[in-house]
Amino acid sequence: MKKIVIILACSILTSGIVMAQSSPKLGWINSADLLQSMPEKSKADSDIAKYAKSFQEQIDIMMKEYQTKGQQFQANEKTMTDAMKEVRMKEIQDLQNRIESTQQSAQEKLQAKKQDVYAPVLEKADKAIQAVAKEKNYDYIFDKSAGALLYGKDADNILPAVKAKLGIK
């Protein structure tokens with residue numbers, strides 16, 4: 001009876017060791033915290049802020065002009081002819097349209113600038129994550145802040161098998 005218990009205990013212990021060795025090694029990182037701690041991000045933020053400021057200054061000038069024209073229109077409206085009112089209102093409306101167009105263009109350009117400026121920072125962080133994962137023999141690294149997989153062993157990619165199952169070449 002003792003021999004059976006010892007053999008059973010050994011087989012459970014051995015299967016536990018085998019399972020522990022075959023289970024994937026997982027790790028996680030908070031990439032938002034990593035990026036926040038990188039000096040390159042501070043420089044990128046500064047560059048983007050300067051770029052945004054140039055647009056904001058232009059928009060502020062246009063807004064002041066818009067407010068001035070609006071106030072002048074209200075102050076002189078009673079003395080204007082209908083034709084003059086129409087011309088002034090068209091000027092004000094055109095200025096408002098230019099402001100909106102400038103704001104939209106600025107947002108698009110700012111977004112493109114952010115992508116350009118942050119790309120090397122994100123690439124550097126990604127390379128470091130990949131290197132550490134390989135050095136420490138991790139199978140998978142997850143990003144806690146984004147809930148995404150940052151690293152996975154190529155051997156575990158099932159895309160070819162799924163394509164084959166679907167008959168896709």
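Let's start with Asp139, which sits in the loop between H4 and E2. Keep in mind that this is a predicted model.

Is Asp139 buried or exposed? Its relative accessibility is 12%. Buried means under 20%, so Asp139 counts as buried.

What does the side chain of Asp139 reach? The backbone nitrogen of Lys25, at 2.7 Å. Now the contacts, leaving aside residues up to four places away in sequence.

Next, the strands. E1 covers residues 26–29 and E2 covers residues 140–143. Four bridges join E1 to E2, and the two run parallel. Trp28 has its bridge partner in E2, namely Phe142.

E2 also pairs with E3, residues 148–152. Again there are four bridges, but here the strands run antiparallel. Ile141 stands opposite Tyr151 in E3. E2 and E3 make a hairpin, with four residues between them. In that turn, Gly147 has a positive phi of about 65°.

Last, helix H3. It runs over residues 39–76, which is 38 residues. At 1.5 Å a residue, H3 should span 56 Å. The C-alpha atoms at its ends are 55 Å apart, so the two figures agree.

Which residues of H3 are buried? They are Lys41, Ala44, Ile48, Phe55, Ile59, Met62 and Phe73. What do they pack against? Two helices: H2, at 31–37, and H4, at 82–135.

Definitions and conventions: Residues are numbered from 1 along each chain as its sequence is written. This is a predicted model: local features need pLDDT of at least 70, side-chain atom pairs count only at pLDDT 80 or more; totals for chains, interfaces and linings use all residues. Side-chain values use heavy atoms; hydrogens and water are left out. The expected span of a helix is 1.5 Å times one less than its number of residues. Buried means under 20% relative accessible area, exposed over 50%, partly exposed in between (1.4 Å probe, protein chains only). Contact means heavy atoms within 4.5 Å. Two strands pair if DSSP finds at least two bridges between them. A polar contact is a pair of N or O atoms within 3.5 Å; within protein, one must be able to donate a hydrogen and the other to accept it, and residues adjacent in sequence count only if both atoms are side-chain atoms.
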